[in-house]
Structures are given as structure tokens and as C-alpha cells.
Amino acid sequence: MKKVPYRNLISKVLGVSLVVVLLLSNSLLAQESAAAPSGEGDAVKGKQLFNQNCAACHALNKKMTGPALAGVSEKYDKEWLYQWVKNSPAMIKAGDADALKIYNEYNQAAMTPFPLLSNQDIDDILAYTDAPPVVAAAPVAVVEGAQGGGASSGISNEIILGALALVFALLVMMLVLVNKTLRRIAEANGVVLEKELAEKRLPIWKAFAQNQFLVLVFSIFLLLSAAYFAYGWMMQVGVDQGYAPIQPIHYSHKIHAGDNAIECKYCHSSARVSKTSGIPSLNVCMNCHKSIYEYKGNPEGPSQEDLANGYTNEFYTGEIKKLYKAVGWDEENQKYTGESKPVEWVRIHNLPDFAYFNHSQHVSVAGIECQTCHGPVEEMEIMYQYSPLTMGWCINCHRETNVNVEGNEYYEKIHAELSQKYGVDKLTAAQMGGLECGKCHY
């Protein structure tokens with residue numbers, strides 16, 4: 001028999017291998033072409049450069065301190081843009097027409113020169129400003145019970161529960177039938193089923209009323225309980241722990257002090273040198289919000305709790321608009337109108353007039369953190385009174401807190417004498433006179 005080699009099979013194998021290699025090479029080329037930036041600039045790098053250098057004064061589609069930068073490469077020559085970004089003051093001084101027009105249009109606000117940015121960096125920024133906005137794809141909702149590769153096989157819970165309910169019903173029917181059968185057997189054998197007659201007993205309330213000892217004990221217990229709860233209620237008069245009023249402008253300490261890590265005394269600056277911490281003026285808010293005109297949220301997005309309470313990005317942006325209305329800020333023209341309106345903040349922490357408390361003594365001298373009295377402010381979406389602020393609470397703090405006298409010449413002699421008197425190395429505020437009535441009431 002003549003042997004014939006499997007050339008057809010070999011050729012098929014080689015052909016399939018060639019097709020696979022071509023497909024892989026095409027996919028790799030497609031990935032490379034997709035990864036390569038189109039045009040002269042890289043929009044991804046440009047976004048990072050824009051946020052680092054430009055976002056404080058510019059937005060893509062909105063006027064701020066400077067003009068909106070969307071499509072700016074189509075308005076001006078690229079060589080002109082290179083010179084403008086690297087040294088705009090020189091172009092204004094030289095009398096360039098376009099430079100003077102921008103300078104005068106935006107209230108002669110000088111643009112910061114960026115001589116360290118290369119032409120490629122500027123091309124990247126222009127690629128980002130010219131790129132169309134990316135619309136995020138809507139999340140695909142997963143429907144329970146939908147058919148698909150990930151659907152779980154097996155008996156559903158409804159079927160199991162239905163079977164158990166059926167078995168339970170059958171057992172009940174069997175017990176009823178057995179009960180009827182036993183009664184019939186008893187009647188056939190002449191067994192009479194008699195119901196036990198209930199004995200007539202004295203009601204429990206009459207038995208209690210006739211026992212004078214129990215009545216006396218209960219009366220004493222009732223009076224003591226009423227006095228205890230009345231005393232507890234009266235001791236809470238004027239204690240507003242947990243008080244969280246609704247403010248005219250929603251201010252989230254969680255976002256400002258927590259997410260953005262803004263130091264408390266940046267806004268409440270008078271706490272360092274004054275008796276009171278003070279209410280921050282709105283110009284302090286505008287130091288940041290002159291450029292931050294909308295809330296873009298955290299990278300991970302709002303939590304389910306925030307969404308349930310209505311704390312969306314649109315909600316926070318609306319509160320920024322209330323701030324603009326109060327200070328009289330014209331967002332479109334980037335200037336103040338002079339028509340301001342005071343914000344009627346609702347006070348949260350309020351001590352009685354006969355109690356004296358000095359913030360600077362505790363913050364600057366003692367070095368006590370704000371969270372010691374006001375709680376975890378960086379976690380509070382709505383500010384509330386964390387501590388009771390009662391006299392007993394203050395006295396306990398004075399008894400437990402050591403005075404920091406290191407490096408303070410004022411306390412050296414006092415510390416030496418009191419340490420010898422009490423026989424300790426460290427002194428509490430109480431040992432230094434922190435419990436005297438005149439410290440807080442004079």
C-alpha cells in the first residue's frame with residue numbers, strides 16, 4: 001500500500017497558526033495605536049499639568065480669574081501661546097495687542113509666568129483643553145434572577161419555603177384528625193370528658209390593696225423613683241449636648257476639616273489670641289471659593305449614607321452659590337457687586353454669662369487640641385455640641401490634665417514650689433488653682 005504524507009493537514013495547521021499570529025499582531029498594533037496620544041500633545045499628561053498649574057485661575061468652560069481655556073488653541077497662534085504661558089508680563093510690557101486685550105478684559109490681573117514649562121508640556125495642556133468632555137458610562141444594574149452565565153443553579157428559596165409550609169400544614173391536619181379519632185374512641189367506650197370548673201379566686205389588685213405592707217413599700221419606691229427622675233431632668237436644664245441646628249448655608253466640617261485637612265484655626269483664627277473662637281468672615285471662605293465654584297466630590301464618589309441624606313455634588317455646589325449670593329460675587333464677570341447680605345448663623349456652643357472661658361488660654365498656652373472639647377469635628381457633616389460643657393465636666397478635666405510647663409519661664413518658680421508642696425513631678429490644673437471659684441466666676 002502506498003503511503004501518502006498528510007500535507008493537507010500540515011498546510012491547515014500552518015494556515016491556522018498564520019491567522020492566529022496575524023490576529024495577535026493586529027490586536028497589539030491596535031493597542032499601541034490606542035495607547036499612543038493622538039496629535040502633538042498627550043491629553044492625559046495635560047490634565048495633570050492643568051490641575052497643577054492652571055486650575056487655580058482657569059476652568060475649561062467657565063470664566064474665573066482668567067478666561068475659559070476650552071478650545072484656546074483655535075483662538076491664538078501656538079507660538080504666541082508658548083510666549084504667553086512662559087512670560088506673559090513681558091508680552092504685556094511690549095504692547096502685544098492680544099496680550100493687552102486679555103489683560104484689560106480680566107481686571108488687569110497678572111498671570112503667573114511659567115518659564116519652566118516646555119513646549120511639549122504646553123502642547124499636552126492644549127491637547128487636554130481641546131479634548132471633548134468624556135461622558136462616564138452609566139453603571140449597568142444587575143437584575144436578580146436574570147438569565148446569564150453568572151446565574152446560580154439549584155432550587156430557589158421560594159420552593160424550599162413552600163415545601164416546608166406544605167409539610168407543616170399536613171402535620172396540623174394529622175393532629176386534628178388524631179384528636180377527633182381519640183374523642184370518638186372515648187365516647188364509644190363511655191368515657192365522659194368533663195371540663196375543670198375554675199375556682200373563684202380573689203383578684204390580684206384587691207389582694208394587693210388589702211396588704212398594707214406591700215402598699216407602703218410600693219409607695220416609698222414610687223416616691224424615690226419620682227424624685228430620682230425629677231432630679232435627673234432638672235440637672236439637664238441648660239445642657240445642650242447633641243444640639244445640631246440647621247444653618248442657613250450648609251457647611252460640612254467633614255469635607256473641609258476631614259477630606260481637605262484644613263486646620264481649625266485657619267477659619268477660627270481668633271481662638272489663638274481671643275476669649276472667643278469667633279465666627280469666620282465670608283472673605284475667609286472666598287479665599288478658596290473664588291476659584292472653587294463647584295464640588296466635584298471624592299474620587300471614590302459619594303457614600304450610600306450621603307446619597308440617602310441628599311448630600312450629592314449638586315447639593316454642595318448649590319450651597320456655594322448661596323455663599324456667592326451672600327458676599328455679592330458676580331460669578332460670570334468675576335468681581336464683587338457690592339450687594340452683600342449677612343448670613344444669620346445659628347450659635348451651637350453657648351456658655352452661661354456667669355461662666356468665663358478663654359480660648360487663647362487653652363489653645364495657645366495649654367496647647368489643647370480643638371477635638372478635646374468639640375469632638376471629632378473632621379467627621380461631622382453637621383456640626384453639633386459634642387461635650388456637655390457643664391461645670392462638673394470642666395472640673396474633671398482640670399483634675400486630670402497636667403500643665404505643660406516645659407520651656408515656659410513663667411511657670412518655673414511656681415512649678416518648683418508646688419511640686420515640693422505636693423511631692424509630684426507633674427502638676428495638674430487643679431493643683432495650680434484650677435478649682436478656685438474665681439477662675440471661672442468673677
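This report walks through the fold, a few helices, the aromatic rings and the cysteines of a predicted model.

Some ground rules come before the details. Residues are numbered from 1 along each chain as its sequence is written, and side-chain values use heavy atoms, with hydrogens and water left out. Because this is a predicted model, local features need pLDDT of at least 70 and side-chain atom pairs count only at pLDDT 80 or more, while totals for chains, interfaces and linings use all residues.

**The chain as a whole**

The chain has 20 helices and two strands. Helices here are DSSP runs of H or I with at least four residues, strands are runs of E with at least two, and both are numbered from the N terminus. Out of 442 residues, 22% are buried. Buried means under 20% relative accessible area, exposed means over 50%, and partly exposed is in between (1.4 Å probe, protein chains only). The accessible surface of the chain comes to about 33,500 Å², and carbon and sulfur atoms account for 60% of that; areas come from the Shrake-Rupley method with a 1.4 Å probe, and for residues only the protein chains shown count as cover. Take the contacts (heavy atoms within 4.5 Å) between residues at least 6 apart in sequence: 65% of them join residues at least 24 apart.

Helix α12 spans residues 282-289, with Leu 282, Val 284, Met 286 and His 289 buried. What covers them? The cover for the buried residues of α12 includes α10 (253-259), α11 (264-267), α14 (313-327), β1 (329-330) and β2 (335-336).

Val 327 is buried, at 13% relative accessible area. Leaving aside neighbours within four places in sequence, Val 327 is in contact with Leu 282, Met 286, Tyr 336, Glu 339 and Ser 340. Leu 282 is 45 residues from Val 327 in sequence, but their C-alpha atoms are 6.9 Å apart.

Another α12 residue is Cys 285, which is partly exposed at 23% relative accessible area. Cys 285 and Ile 320 are 35 residues apart in sequence and 9.7 Å apart in space, C-alpha to C-alpha.

**Helix α18**

In α18 (residues 412-422), the buried residues are His 415, Leu 418 and Ser 419. Seen down the axis of α18, they fall within an arc of 105°, so they line one face of the helix; the arc is that of the directions from the helix axis to the C-beta atoms. An α-helix has 3.6 residues a turn, so residues three or four places apart point the same way. Turned away from the buried side, the other face of α18 carries exposed Lys 413, Gln 420 and Lys 421. Part of the cover over the buried residues of α18 includes α19 (430-434). After α18 comes Gly 423, with a positive phi near 70°.

**Aromatic rings**

How many aromatic pairs does the structure hold? There are 10 aromatic pairs. Rings of Phe, Tyr and Trp (its six-membered ring) pair if their centres lie within 6.5 Å; planes under 30 degrees apart count as stacked, over 60 as edge-to-face and the rest as tilted. Here are two of the edge-to-face ones:

| Pair | Centre to centre | Angle between planes |
|---|---|---|
| Tyr 228 and Phe 229 | 5.4 Å | 75° |
| Trp 329 and Tyr 336 | 4.8 Å | 65° |

Tyr 228 is exposed, at 60% relative accessibility, and Phe 229 is exposed too, at 61%. In the other pair, Trp 329 is buried at 7%, whereas Tyr 336 is partly exposed at 46%. Tyr 295, Tyr 311, Phe 315 and Tyr 316 form one aromatic cluster.

Lys 62 lies over the face of Tyr 293, 5.2 Å from the ring centre. That label needs NZ of Lys or CZ of Arg within 6 Å of the ring centre and within 35 degrees of the ring normal.

**Cysteines**

With a disulfide taken as a pair of cysteine sulfur atoms within 2.5 Å, the count is zero. For Cys 267, the nearest cysteine sulfur is that of Cys 285, 6.6 Å away. For Cys 370, the nearest is that of Cys 264, at 4.2 Å. Cys 370 counts as buried, at 19% relative accessibility.
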